[in-house]
Amino acid sequence: MSFNSLSDAQKERLSLQQDSIINSSSTKVYVSAGPGSGKTHTISEKIRLDIDGSFDYQGVIACSFTKEAARELENRVERLTSTKTSIIKTLDSFVLTEVINPFLNRYLYLKDEDKHKQILKLEISFPKGNERIKEVNNLTRLYDGEKSWKDIPTVKNYVMNWYSKFKKGKYEISFPSYIIASDYLSRLDILTDYFESRFTSIYIDEAQDLNAFQHLFLRTLVEKCKLNIVMIGDGNQSIYAFRGAKPQIFRGLPDLGYDVYNIDISVRCHDSILALAYLLFDNKRKIQVSENRIYIGGFLTSDFLRTLKENYMILVESKAKAKELYYDYVSKGLDITYSESINYDSEALIVYKDEYMEFIEESILFYYNSDNEDFEMIYSHDDYIDFIENSGFNTKKIKNSLYKEKNENVIEFLSRLSKILDFEFSGKLLEELRKELSNPIIYSHYYRKKKVNRIMTFHSSKGLESENVITVFQYNQYNIGYEYLRKCFVGFTRAKNNLYINFVDQAIGSKNEKYIKQLYQNVLASVQK
Amino acid sequence: MYIQKVKMSNYRGLNIEIDDLKEYFLIFGKNDTGKTNFCTGIRKVLELNARRKRFDEFDSTNCNKLPITIEIRFVVSDLTQQQKSNIGKFLDKEDGITYLDVLLKSTFNNDINLYEDELFFGNPKKDIFSQEPYRQNTLDRILDVIYIEPNYKIDDEKKQYFKYHDIKKIEDETDFSATIKVKIDELEEELEKDKIIKRMSKEINDFASEEADFFEGINFKFTPNITMSNLLKSLDIKPVSEKNELINNMGDGKTKILSMFLNDKAHDSEKIKIFIAEEPENHLYPILQMGYIDLLKRVGSNQLIVTTHSPKIINLNKIEQLVKFYVKSGEISKETFAINKGFFEEFGALLNLEISEMLFYDKVLLVEGYSEKYFYDQLLLKDSNFRKKIINSKLGIFSINGAAFGKTKLMLESLGIDVFIKTDNDITKVPKRDEKRYTGLLRCISLLTETQKADLLDKTGLSSLGKEVFTFNSECDVNSEIEDKMSDICDWFKMNHIYISSHKTGFEGDLASYLGDQIEAKDIEFLKDKKLYNLHDLLLGENIDIKINDSNKDNILVRFAYEL
């Protein structure tokens, strides 16, 4: 489906909904925007109005969930107005580069005058290894924004530990960052004065995935720096509860003084698909669809897939299943892609994760996409320079070397660049990367292609879309919880024209199979009417 | 926002730190004590054009090529929102005061024989932010240094002024009136019709036609160089009289003031302005000098830094601080003195003038009256040895109201100037009471530090230095207890550079004992009668020799000369 397939009434309704958000002068805006509702367009236009209506030394803060999304938003806004004075990044990145790092010593000195020794550079690290990552996720989940995080002993302990390392210049990117950043705002009026004069508003995309610590930080930021705030999200698409996401806080914002706006038109999904998706949460909902584009059962054969005229996306519940199907299809000659990023938590690479992960990721992306045939997928040289500069390097003398040279393969590129930037990669690391990138599954993660058939997990599909979507349910959900329903919602609403639903393995005969099939019947019934 | 602290290392002989600067301060000091270099150093950090001229070896002390650093700390307050958005990231707060630190660090590069600069914002002990030294930075955008040089360059200032308005009119999207364009076009038309121009045009175009091989059909026309886009460059500012007649030459003084004004107006009025005026006395008549700082204050700035060699420039009511630069053991050093509001207000403008002059001496003798001053003037005239001694020690002799002794002494000594005081041991009646008081002694005691007071008590055995000790019943002439100790007291004061006689006959008595046999008791009466008038007669009239000799060299009047 596309904008043109909407009825006139729907087009008008969509425009009205978008415009009322764009032109709203509320200081606290809550937007519930469903899938395919033109969110990026709406945010970009609102930001444009904001920037054009404020002094030229002022700008906005806009945070997206991933680096990709932030880059895309920045590119969109740049086409409309100047982003020179604005900050468009992920929330993690914003907190680190605009709050924690620049005011580091002034903050620590204020807290600990006599003992503080100047820290010239923070050592950035990530939680490493599956155990640790799980631990951090668990702790992030424990705090739901109700009482104080200090009342949760394990959380408090972790934060104390985190802080004692922070005082010595070691910064781990995890939830305590937001607690400290809030404390910065409470103690440093030079910081809040600065933000107040510099920024007019903050925009948060995918706000349903914010955890309670992030909400705390944003509340403090808005209050202390007198910023307007726009929170955009879709409560139905919150699938990161395991990482601590608290969609209930997002949904509770209207009670905290936010003005409410909705976009309920989907430009993307055919109305039968959208109807099914909303039925997941309210199976008594009244629906009316023109025709049915949902099909149940038996669409996983390579023969069937070959019949599909337009691109398709296969969504599965586990990586293992994805790989299983992928290898099967490839052996049968299907043109299909499955990709995984380099695993930095592997034994060989974990020791390099903190220092080099970001650099390697961005550089490989740049290498493969600096001259991408699809002009929308290009990773420009300017963007790469920006990344290198934001990592703290002075690029004045080396700008011209930051291109890939003729006949230079990706490993040679990484090696040469690492030398120029003075942290020469070891032969061991380069060899490890070479092994990884020689795997087509990994290689295809970095070489961006739009019009391609993909197989991926439900979680990886967030933000993407395809003409045909084939969902594959593997498991028996003994209890059909909201997280599961939201996962289904995300999966279903990736589809533009046709949705195929399959139940395999343990899902056959399961409660969830019955439930979804029942909803499907409801859709069918509404067509006959 | 203003500069509170400047620290320079290895810059043209300056290794200096001044951390208590005020918004309006004045720098004075002998030649070659680094005043100009101090100003140049500040400009180097804060002016983009100055930063772009790299230091060379001659900028380092004794060409040592060692690192040069210049640190400046601003006190920041009342910033506009725009200014905050520019520099807010770099500010620090200590004890409730907000600061901005700027550091320039230059290291000599032997390969290019020049210094390479690094510029940083932020407290060097906390968060520092590297800046590109040769590009405009956020501080440049909100702050201008307006430098007024000792010898005005009116043509440069005019150019800068016009250039500024040229850019501004483009930014403001305005332009000159349409009539002007019409007139300029008309000028071009008229030129074409003019006989002389036609003749010249023919001459050239005939040649061009004859040499068609070379010119290939090109012809020439005469056009004025004045166009809408360079109109401002073609203008001049000329002085006219009240009758609107052009004046040939306005004179240095007025030109200098105009030059200063144009300089100021060639900068955005919203920006923070730091005025640096070097030796503004040049080209200005003394009376105008006296009003110059007032004028600068009216023009308006966030900070005023003035260097001067002229006492007339120094207006103690309008500036908040004096900074003296001097050389000691080969090193340049400084003293500062903060002038609190009202410090000299009570004494009036004339006193300010006298005191301003004192600043330019190494030592100062303060006396109370014009009689004393007249005496010393005569002594300087008549006694060449005395004169040589006074000149060599760079001592100035000044007469000021005795009540001003204390404040003046405090100020001068804070600025490293030795102070000698000559005063009378007068006894006065306390009004409305039956009491008399040793006013002279009390005056001297008020000039002492706590340490000195303690020492005085110790050496003379006085019970205390309070007023009550020196007050007595008016029926008596003197207080015998005090008189018993008088000689010790006066000796102690002599040791501390305060010269007070034990007798109560004032200057006349001092002079009488100084002149010895040359004068009789009745002459003292005569002197007392009409003070200076009689003194003049006395010293010039009869053949009085007032030179210092063996019998009078210990007299209280010239005792101070021993210390020189």
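Let's start at a histidine. Leaving out residues up to four places away in sequence, B:His267 touches B:Asp144, B:Val145, B:Ile146, B:Gln160 and B:Tyr164. Contact here means heavy atoms within 4.5 Å.

A word on the source. This is a predicted model, where local features need pLDDT of at least 70 and side-chain atom pairs count only at pLDDT 80 or more, while totals for chains, interfaces and linings use all residues. Residues are numbered from 1 along each chain as its sequence is written, chains are lettered from A and ligands numbered from 1 in the order in which they are written, and side-chain values use heavy atoms, with hydrogens and water left out.

Back to the histidine. B:His267 sits in the loop between helix H9 (252-265) and strand S10 (272-278) of chain B. Helices (H or I, at least four residues) and strands (E, at least two) are DSSP runs, numbered from the N terminus. Is B:His267 buried or exposed? Buried, with a relative accessible area of 14%. The cut-offs: buried is under 20% relative accessible area, exposed is over 50%, and partly exposed is in between, with a 1.4 Å probe and protein chains only. A polar atom of the B:His267 side chain lies 2.8 Å from the backbone oxygen of B:Asn263.

Stay in chain B for two backbone points. B:Arg12 has a phi near 45°, a positive value in a residue other than glycine. B:Arg12 is in the loop between strand S1 (2-11) and strand S2 (14-18), and at 31% relative accessibility it counts as partly exposed. B:Glu279 also has a positive phi, near 40°, and is not glycine. Its loop runs between S10 and helix H10 (286-290) of chain B.

Now chain A, and a serine. A:Ser346 lies in the loop between helix H14 (319-331) and helix H15 (353-369). At 21% relative accessibility, A:Ser346 is partly exposed. A polar atom of its side chain is 3.2 Å from the backbone oxygen of A:Asn343.

Next, helix packing. In chain A, helix H9 (residues 189-198) packs on helix H10 (residues 212-225) at an angle of about 80°, axes 9 Å apart. Axes are lines fitted to C-alpha atoms, for helices over the stretch in contact, and angles run from 0 to 180 degrees between N-to-C directions. So H9(A) and H10(A) are roughly perpendicular; that label covers 65 to 115 degrees, with under 35 roughly parallel, over 145 roughly antiparallel and the rest oblique. From H9(A) come A:Thr192, A:Phe195 and A:Glu196, meeting A:Leu221, A:Lys224 and A:Cys225 of H10(A).

A second pair in chain A: helix H5 (residues 104-111) and helix H8 (residues 176-187) pack at about 75°, axes 11 Å apart. They too are roughly perpendicular. H5(A) gives A:Leu104, A:Tyr107, A:Leu110 and A:Lys111, and H8(A) gives A:Ile180, A:Asp183, A:Tyr184 and A:Arg187.

Last, cysteines. How many disulfides does a search of the whole structure find? Zero, over all chains. The criterion is a pair of cysteine sulfur atoms within 2.5 Å. For A:Cys225, the nearest cysteine sulfur is that of A:Cys63, 13 Å away. A:Cys225 is buried, at 0% relative accessible area. For B:Cys490, the nearest is the sulfur of B:Cys444, 8.1 Å away. B:Cys490 is buried as well, at 3%.

Terms used:
Polar contact = N/O pair within 3.5 Å; in protein donor to acceptor, adjacent residues only side chain to side chain.
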